[in-house]
Amino acid sequence: MSALANHAFAKMNGIGNEIVVVDLRDSKAQVSAAEARAVASPAGGVPYDQLMVLQPPRLDGTEAFISIYNNDGSEAGACGNGMRCVVRRIFEKTGQTTATFQTRAGLLNCWQGPAPDLYTVDMGAPKFGWQDIPLAEEFRDTRYIELQVGPIDNPVLHSPSVVSMGNPHAVFWVDDVNAYDLERFGPLLENHPIFPERANITLAHIVDRDHITIRTWERGAGLTRACGSAACATAVAAARLKRANRIVEITLPGGKLGIEWRERDDHVLMTGTADFEYEGRFDPALFASVA
């Protein structure tokens, strides 16, 4: 029997990024890719972009080790919107205003934001090396790489900036983020051979030096109303190109995030809301066919 069968969960969202939070800190059980896919089953499951599974801490001083699953069952290294949802749950239950969590991408420090409904996540320092992102071949300057969609002499999209925020991101600079069929191009670019671990694909329009608008096709989840790590990656990429300041507002289809690429240590701070929707328990029938 799956450890998730009849287990409690919280359905939440981070500015439209659909999140399910499950607390397994009192269990040694691991969640398999098949179980993660089953949770999102159209037949009685709970639709989500990311499943945040809290497991017993592996390091002293941390609240939990968090495994992050996309709705296709693949694991993600980071999910900023999901972390804010986790933080809200923890803070409301314990009264804490700060906490540290461990993920595949490393340690994430979180704290109460400048208002009661805002939460800040330190997403760590971005990585720019082609091997760190990773890319399948060497590019000395990852502010732009040679990648395009469409004819060579008239590409539809081209020359993205690439960066890792715990997971790979490619940011295409456009004049209008809604002028492109991202649902069509997203899967092709996500799975392009240049990205050996696939990639999150973002269309970004720089409104001014303090404001950027984006839309994202999320690796393993598809078209999303919000992707926190994509917002971070976009802010960093724009600052690297000297087209935006290090503190910017990012507008996504689901809402807005404040992003600061902190100068003293290069860490990226993301601030935004986390909305609670409902609590429930997983139907055991979801996992009946899971080995």
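This is a chat about a predicted model of one protein chain.

User: What is the chain built from, in helices and strands?
Analyst: The predicted model has 4 helices and 19 strands.

User: What about charges, where do the positive and negative ones sit on average?
Analyst: There are 27 positive and 36 negative charges, and their mean positions are 2 Å apart.

User: OK, strands now. Which strand does strand 6 pair with?
Analyst: Strand 6 pairs with strand 7, residues 106–112, in the antiparallel sense over 6 bridges. A hairpin of 2 residues joins the two strands. Within this pair, Phe-101 stands opposite Leu-108 of strand 7.

User: Which way do the side chains of strand 11 point?
Analyst: Ser-161 and Val-163 point one way, Val-162 and Ser-164 point the other way, and all of them are buried. In a regular strand the side chains alternate between the two faces of the sheet.

User: What does strand 11 pair with?
Analyst: Strand 11 pairs with strand 12, residues 168–173, in the antiparallel sense over 4 bridges. Ser-161 stands opposite Val-171 in strand 12. The two strands form a hairpin with 3 residues between them, and Gly-166 in that turn has a positive phi of about 95 degrees.

User: Which residue has a positive phi although it is not a glycine?
Analyst: Ser-159 is one of them, with a phi of about 50 degrees. Ser-159 lies in the loop between strand 10 (157–158) and strand 11 (161–164). Arg-198 also has a positive phi, near 65 degrees, and lies in the loop between helix 3 (182–190) and strand 13 (200–208). Most residues other than glycine have a negative phi.

User: Are those two buried or partly exposed?
Analyst: Ser-159 has a relative accessible area of 26%, so it is partly exposed. Arg-198 is at 22% relative accessibility and also counts as partly exposed. The cut-off for buried is under 20%.

User: Where is there a cis peptide bond?
Analyst: A cis peptide bond joins Ile-133 and Pro-134, with omega about -10 degrees. Pro-134 is in the loop between strand 8 (119–122) and strand 9 (148–149). Most peptide bonds are trans.

User: What else lies in the loop between strand 8 and strand 9?
Analyst: Thr-142 does. Thr-142 is buried, because its relative accessible area is 2%.

User: What is Thr-142 in contact with?
Analyst: Leaving aside neighbours within four places in sequence, the contacts of Thr-142 are Phe-128, Trp-130, Ile-133, Leu-135, Ser-161, Val-162 and Arg-240. Two names there have come up already: Ile-133 is at the cis bond, and Ser-161 is in strand 11.

User: How far is Thr-142 from Gln-96?
Analyst: They are 46 residues apart in sequence and 39 Å apart in space, C-alpha to C-alpha.

User: For the whole chain, how many contacts join residues at least 24 apart?
Analyst: Among contacts between residues at least 6 apart in sequence, 62% join residues at least 24 apart.

Methods: Residues are numbered from 1 along each chain as its sequence is written. This is a predicted model: local features need pLDDT of at least 70, side-chain atom pairs count only at pLDDT 80 or more; totals for chains, interfaces and linings use all residues. Side-chain values use heavy atoms; hydrogens and water are left out. Two strands pair if DSSP finds at least two bridges between them. Contact means heavy atoms within 4.5 Å. Lys and Arg count as positive and Asp and Glu as negative; His and the chain ends are not counted. The place of a charge is taken as NZ of Lys, CZ of Arg, CG of Asp or CD of Glu. Buried means under 20% relative accessible area, exposed over 50%, partly exposed in between (1.4 Å probe, protein chains only).
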